[in-house]
Amino acid sequence: MSTIDNRTVPEHVAIIMDGNGRWANARGMPRVVGHRKGVDAVRKTVRAAGDAGVRFLTLFAFSSENWRRPQDEINDLFGLLKTFIRRDLAELHGENVRIRIIGDRANLDDDILVLLLEAEETTRANTALTLVIAFNYGSRDEIARVVRGLARDVEAGRLKADAIDAAMIDGRLDTAGIPDPDLIIRTSGEERLSNFLLWQAAYSELMFVPDLWPDFNRDVFFAALDRYAARERRFGGLSPKALAAGS
Ligand code: IPE
Ligand code: IPE
Ligand code: MG
């Protein structure tokens, strides 16, 4: 296992957990088996992130477009989230992990809403890793909800249109108060964002790894952190090297 240089550990890592279906398919098993294995990978990753000194870990668990899947699979995914919270909440709380949920809650059933609120409320004061679960989350939906809220405030005379800036939009996103992801990892070899954190990813480092999500583990995570540490982030400015060369 690699060692992590504390100065270059990303504050916020976001992961598009992809490839559960293919993992199961390759073994001649139903897709749900891949999703179940995926929950084990979640447990390993939460622990590895905490150990590495990552402050925020966001996991994409169900997208606003995943409603296009067969109802049975949707039920499996909802069931797994519920089981995960019921089984793991006490342990995560014991490890001082704070849980936050992002995504649209408007059309979720009461039983799942109650669990999500319980997870957030129970862990609200925790100060170790913040685990952000993106559930029924889609970036375009999130931004549309923000725009509707702003339009309502302008309509009601509470807000001047000219006062709207990027910081105000940031503050109204589901991720308000959470720093932008430094690193976004997608597993399974697919190279796209699939409507994940589009606004927040403006300057994120993107990393695509071939491993299917059920195979993701501490070593793959630490290897990704090593690769991240070697990246140079410029945010539109110049690197120290280029600055020195130009002076
Ligand atoms: C990721 O695995 C889990 C979710 C999207 C909820 P997939 O279910 O997308 O697996 P593949 O991409 O079909 O292999
Ligand atoms: C993205 O994966 C959503 C989650 C990981 C929850 P998908 O498997 O749904 O993405 P596409 O459809 O291949 O782009
Ligand atoms: Mg997929």
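Predicted model: local features only at pLDDT ≥ 70, side-chain atom pairs only at ≥ 80, totals over all residues.
Entry 1. I noted a volume of about 740 Å³ for the largest pocket. Its lining comprises 33 residues, and those closest to the pocket centre are Met17, Phe60, Ala61, Phe62 and Asn66.

**Entry 2. Lining of the pocket.** I then asked which elements each supply at least two residues of the lining of the largest pocket. I found helix H1 (20-25), helix H2 (31-52), S2, helix H3 (71-94) and strand S4 (130-137). By class, I recorded 16 nonpolar, nine polar and eight charged residues in the lining of the largest pocket.

**Entry 3. Shell around the ligand.** I listed the residues that surround ligand 2: Ile16, Met17, Asp18, Phe60, Ala61, Phe62, Ser63, Asn66, Arg69, Arg186, Arg192 and Ser194. Strand S2 (residues 56-63) contributes the largest share of this shell, with four residues. I sorted the shell around ligand 2 into five nonpolar, three polar and four charged residues.

Entry 4. Which side chains place an N or O atom 3.2 Å from an oxygen atom of ligand 2? I found aspartate 18 and arginine 186. For serine 194, I read a distance of 2.6 Å between a side-chain N or O atom and an oxygen atom of ligand 2. Ligand 2 has 390 Å² of accessible area on its own, and I noted that the protein covers 77% of that area.

Terms used
Residues numbered from 1 in each chain as written. Chains lettered and ligands numbered in written order. Heavy atoms only, no water. Near = heavy atom within 4 Å. Polar contact = N/O pair within 3.5 Å; in protein donor to acceptor, adjacent residues only side chain to side chain. Areas by Shrake-Rupley, 256 points an atom, 1.4 Å probe, with all protein chains shown as cover. Nonpolar A, V, L, I, M, F, W, Y, C, P; charged D, E, K, R; others polar. 1 Å grid on protein atoms, 1.4 Å probe; cavity = no way out; pocket = protein on both sides within 12 Å on 5 of 7 lines; lining within 4 Å. Points joined across faces, edges and corners; volume = space filled by probe spheres on them.
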